[in-house]
Amino acid sequence: MTRFDTVLVANRGEIAVRVIRSASASGLRTVAVYSEPDRDAPHTRLADEALLIGPAPAEDSYLSVRAVLEAARRSGAGAVHPGYGFLSERADFARAVVDAGLIFIGPPPGVIELMGRKDRARAVALEVGVPVLPVGQQVGFPLLVKAVAGGGGKGMRVVRDPDLLEAAVEAARRESLAAFGDDTLLFERYVEHGRHIEVQILGDEHGNVVHLFERDCSVQRRHQKVLEEAPATFVSGAVREVLLASAVALAGRVGYVGAGTVEFLVTGDDAYFLEMNTRLQVEHPVTEMVTGLDLVALQLTIAQGEPIPFGQSDVSVHGYALEARVYAEDPFHGFVPQAGVAEVVHWPQHARVDAALDPGQRVGTAYDPMLGKVIVSGLTREAARRSLVAALDETAIVGLTTNVGFLRGLADSDAFRAGRIDTGWLDAQPGDTGRPVPEAAWCLAAWSLATARPGASPGPLETPDGWRLAGPSAGATVSLASAAGGRSGAGEAARLLTVFAHEGVVHVDGRTVGVRAVATSGARLCLEVDGKVEVGHVVVARHQVLAAYQGQTYVFERPDAFGPGVRADLHDGSIVAPMPGTVLAVHVTAGSEVNEGDTLAVMEAMKMELALKAPYTGVVASVAATAGDQVVLGARLLTLDPDETAGNGVPVQPKAPAS
């Protein structure tokens, strides 16, 4: 007997879109909820019904149990799917859903309470004989300060120096409380070179538990997963058997119902239980790709009270799958979250894309910065890896800084190709801010600018000065300089490029490059550059040309487009907000003497803390911010005068520091 025919999705973004699609395919009516900034978000348009639940702050909308349950009542929903993040691992929410007479699509509240906290889950693991890492203040250094609630790398700090423990604990507590409403921490031995392996499990109300094999999620930045793959190629068969058996034993011991993940740290032939995620995982698509199963559809089946429709022997793995998480962040300046309008959005055609980003959509800092996921598969891991590189080459997001180019470089790296990756590898890599701009990107930008012509009323992809992509003109000379910064690597001096479109050549600083137009479609431009087809997406703006090439957006300034006084010299010692957000703390006052690297203030956006550090030794001249201030991108927070006796010379504009 059917328990429900309408499901409310208590989430937003790509996971809400993902759940709505599977629920609709299963014949269910779907209800979306949204906050005020999400009125026209993709998930609201995809669902059968969409209801406003509050203003922008998550606490007043997506994290409001009262608002979500009221929406369920108004819509007549019989079940609630929490997605991941927000309320998905809150036992009090699951209990409130059940108490309201609705079906919670996930494990029972008591199981979330038990396994959703890392300290309690650890005790269960010990009961069933699963090895765990030592904990407590006597484990030695390095140690991991770790929030017992939630996930996603929030509330976690690696501490190598005992003198830094107090500050790490304070920051982890603050971050954990903001993200999960719980600031309880534990201290765990930190393993420097381990692999993060997780097992996908399913359980039903009839006592059945099966695993859907494992995933390798070792490519992480500050404990946040970046690339994931299935199966885990670089673990032995013996270790795999331990992982799978341990995961099933844990799930069976607690009476798990629904989809869940058991996570382990593997080093050599040793495996240690880390935690259990009592929800669907962000990286679930790689498991779907190699098993051919729809995990959301299975969640819905199990929530209807039906048994898992197959046994363990029916599950097998075919091929390999990889997933890359696309974020609105600046990977070349500390992975600072970004905000803005995505003028151009082009996802790859030959890959699975789970996303909720449309052209013209504004991305703010109120929520997690993940925009979507690019997922590929292949008969071998290498085939899947090459497909991922090709898919990221085809991905273009212009107008909003993202990590797509960073992901492309990572997937194409020798270390990832050979599997020389562990959980600490990515954080140990030097920042990549000095790459030269590829010649193809110069040609794409120059060709677009030179072949644009003043037109009539601007269209949706045209810019305020009336320029638009159009037919060719010969012998047009343009001046471009690559802008220094996250979207273009190192700044380079201005170049003069003369485009002879009819002759099919571009003169670049005296060199001749063969360039011919192959095809254009809106912002998409396909050129043949020295006999090789290159594809990019280009937007010509009043003072800049933005060219997305191989996943990276390169920003070219147009020196001739700037009038006198348009560009002010900003080398004045200002410490500015590198992102819109909230000032959490200011540690200095006017007159304070500071050393290079000292933390001057702390900001927060998208549940991520960012320390603003002194770029040189000096004296604080002025302080314009106080704790609690809401600030916009670029707002001046402090001014620092250099200590000329320290050999600083003329100060440079500080870059957005890493947290």
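Let's start with the largest nonpolar core. A nonpolar core here is a set of buried Ala, Val, Leu, Ile, Met, Phe, Trp, Tyr and Cys residues joined through side-chain atoms within 4.5 Å. Buried means under 20% relative accessible area; exposed means over 50%, and partly exposed lies in between, with a 1.4 Å probe and protein chains only. The largest core has 59 residues. M115, L202, L243, L250, F264, F273 and F310 touch the most other members. Helix α8, residues 237-254, gives the largest share, seven residues. There is also a second, separate core of 34 residues, with V374, I397, F416 and L426 among them.

A quick word on the source. This is a predicted model, where local features need pLDDT of at least 70 and side-chain atom pairs count only at pLDDT 80 or more, while totals for chains, interfaces and linings use all residues. Residues are numbered from 1 along each chain as its sequence is written, and side-chain values use heavy atoms, with hydrogens and water left out.

Back to L202. What does L202 contact, beyond its neighbours within four places in sequence? Contact means heavy atoms within 4.5 Å. The list includes N208, V209, G258, A259, L295, I308 and F310.

T278 sits in the loop between β13 (270-277) and α9 (284-291). Helices (H or I, at least four residues) and strands (E, at least two) are DSSP runs, numbered from the N terminus. Is T278 buried or exposed? It is buried, because its relative accessible area is 1%. Leaving out residues up to four places away in sequence, T278 touches A259, M115 and Y256, among others.

Next, helix α12, residues 404-411. Seven of its eight residues are buried. They are V404, G405, F406, L407, R408, L410 and A411. They pack against β10 (209-221), β11 (224-230), β14 (320-327), α11 (381-394), α13 (414-418) and β32.

Strand β32 covers residues 552-557 and holds Y554. Y554 has a relative accessible area of 4%, so it counts as buried. How far is Y554 from W442 in sequence and in space? They are 112 residues apart in sequence, and 8.8 Å apart in space, C-alpha to C-alpha.

Now the whole protein. It has 14 helices and 40 strands. Of its 659 residues, 56% count as buried. Take contacts between residues at least 6 apart in sequence: 64% of them join residues at least 24 apart. The accessible surface, from the Shrake-Rupley method with a 1.4 Å probe, comes to about 26,000 Å². Carbon and sulfur atoms account for 51% of that surface.
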